Amino acid sequence: MPNTISFSSRDKATKKNDMTITPQTKPASKPLTELLRMTWPMLIGVLSLMSFQLVDSIYIARLGIDPLAVVGFTIPIYQLIIGIQVGIGIATTALISQLLGADKTDEAKNLGGTILLFGSVIIAVLCCLLWLNRYAILNLMGGEPDLYGLFSDFWLVWLFSAFAGAFLYFGYSICRAHGNTLLPGIGMVITSLLNIALDPLFIFYFELGLAGAAYASISAFLFGGLLVYPIIFKRKWVHFELEAHRVVSQSKRVLGVAVPAMTSQLMPSLAAVLATSIIAQYGTAAVAAWGLGVRLEFFSIVLVLALTMSLPPMVGRLYGAKDVDAISKLVWLSVKLLFVWQLCLALLMFLGAQPLSAMMASEAEVASIVSLYLLVVPISYVPLGLCILIVSVSNAIGQPMRAMVLSIVRLFACYLPCLFIGSLLLDLDGAIYGAAVGNFLAGICAWKSYKAGIKKASNQAG
């Protein structure tokens, strides 16, 4: 019989938002209370990041067409960097939380140090390669030679900001692996507010233009690092063991989880390009409306995104302690919370489709398409959220390949085929209906995958 799992404090210094696993005779704290305690900082943090990105876009839009074009060419590359850093972050949370659940504290600290070194080197090398090949990348994406100067000036600073952001994200991942979501949540809010405040200062007051946005991000990320890393080192969550064989062994272990996770993170970008190409045949208004719908989707699944940050460390610790029954109960609780939240949002969007679409789009044709989107698609965010959640749970229980396959199935066996078939049958309206159907099919596949995965975990736990 596995140890009783208690999500309680280790000491006064960490009790506010730290999670430990200890054998005891008292019953564990209420799972719902613990889940909400771990999730709300991530919810606020994700919302703050989305708000900062929106405000950042508004400031850059005031600079003119060329800066907007440079940002447009930069976004796909930024998604590449984000995919790699998130993949490493997923591996960090999964592996460290499992070691802590198995009461292997020293090994968890050593792994944390290895991940910081390994992740930083990977991102630094990638940024250097991108800089050396910046003009080839711009040409490949169809950029004009007139953009070379602005593109180069921006990328010199932006790549530094991308590295700083990744390094800060690794710190957030280590905190979450140790059960602390409050510190990353506070860090996200502070860096987002600081970025918003510094953007106009660097862009307009110091007259740095587009590069000013990157300088603002660097400043915010460095401040975030000064906030997060002293606490990480004070609590001794990382230890640098530089023996070559240990570093190589642990790096291979990280890659075993990170590579499938990176693949899962990069697939949505490819799927988005293909989906947009399908919608583009119906004209500019259709693409504009679809883009508004996709942006709204990010805000609609904010709880799902928060749960993917808070749930894996809890599941990972339980998996390390071989308490699969507790994992099942925790996941089921998360699913019920997700269903209630998403159904309420879907109802609100359904009832407010007309006024919301009119507010989001000034042109009648675009507003009409957005209105149909809001009437049809949001209800499918329930199974979509389930699928995204199960992907993160699969990584936490040591099944990264299952998570990767599920991500591929969701996008390329469910979503895109249904969208394409719908467009063939009913044109643009059919594509919208098809997107909803694809999300429902993905949810069904996700639940079946989870049942098989938890059964496998139970068998491995003995």
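This is a predicted model: local features need pLDDT of at least 70, side-chain atom pairs count only at pLDDT 80 or more; totals for chains, interfaces and linings use all residues.
Me: Thanks! How many salt bridges are there?
Reply: The count comes to two salt bridges, where a salt bridge is a side-chain nitrogen of Lys or Arg within 4 Å of a carboxyl oxygen of Asp or Glu.

Me: Which residue does Arg 37 pair with?
Reply: Arg 37 forms a salt bridge with Glu 34, and their closest N and O atoms are 2.1 Å apart. The two are three residues apart in helix H1 (residues 31-61), so about one helical turn separates them. Helices here are DSSP runs (H or I, at least four residues), numbered from the N terminus.

Me: Are Arg 37 and Glu 34 buried or exposed?
Reply: Arg 37 is buried, and Glu 34 is buried too. Buried means under 20% relative accessible area, exposed means over 50%, and partly exposed is in between, using a 1.4 Å probe and protein chains only.

Me: And what does Glu 107 meet in a salt bridge?
Reply: The side chain of Glu 107 meets that of Arg 253, at 3.2 Å from N to O. This pair links distant parts of the chain, with Glu 107 in helix H3 (residues 105-132) and Arg 253 in helix H8, 146 residues apart. Glu 107 is partly exposed at 31% relative accessible area, and Arg 253 is partly exposed at 35%.

Me: Let's switch to rings. How many aromatic pairs does the structure hold?
Reply: There are 16 aromatic pairs. Rings of Phe, Tyr and Trp (its six-membered ring) pair if their centres lie within 6.5 Å; planes under 30 degrees apart count as stacked, over 60 as edge-to-face and the rest as tilted. One of the pairs is Phe 151 with Trp 155, which is tilted, at 4.6 Å centre to centre and 35 degrees between the planes.

Me: Where do Phe 151 and Trp 155 sit?
Reply: Both are in helix H5 (residues 148-177), four residues apart, so they are separated by about one helical turn. Phe 151 is buried at 0% relative accessibility, and Trp 155 is also buried, with a relative accessible area of 0%.

Me: What about Trp 447 and Tyr 450, what are the distance and angle there?
Reply: Trp 447 and Tyr 450 form a tilted pair, 5.2 Å centre to centre with 35 degrees between the planes. Both lie in helix H15 (residues 400-461), three residues apart, about one turn of the helix. Trp 447 is partly exposed at 27%, whereas Tyr 450 is buried at 5%.

Me: Which residues do ring pairs link into a cluster?
Reply: Tyr 78, Phe 151, Phe 154, Trp 155 and Trp 158 are linked into a cluster by ring pairs.

Me: Nice. Which ring does the charged end of Arg 134 sit over?
Reply: The charged end of Arg 134 sits over the ring of Trp 131, 3.6 Å from its centre. The rule for this is NZ of Lys or CZ of Arg within 6 Å of the ring centre and within 35 degrees of the ring normal. Arg 62 also lies over a ring face, that of Phe 204, at 4.7 Å from the ring centre.

Me: New topic: where is Thr 93, and is it buried or exposed?
Reply: Thr 93 is in helix H2 (residues 65-101), and it is buried, with a relative accessible area of 2%.

Me: What is Thr 93 in contact with?
Reply: Leaving aside neighbours within four places in sequence, Thr 93 is in contact (heavy atoms within 4.5 Å) with Ser 173, Arg 176, Ala 177, Pro 312 and Pro 313.

Me: Last one: what is the phi of Lys 236?
Reply: Phi of Lys 236 is near 55 degrees, a positive value in a residue other than glycine. Lys 236 is in the loop between helix H7 (210-234) and helix H8 (244-280), and it is exposed at 55% relative accessible area. Asp 427, in helix H15, also has a positive phi of about 55 degrees without being a glycine, and it is partly exposed at 48%.

How values were computed: Residues are numbered from 1 along each chain as its sequence is written. Side-chain values use heavy atoms; hydrogens and water are left out.
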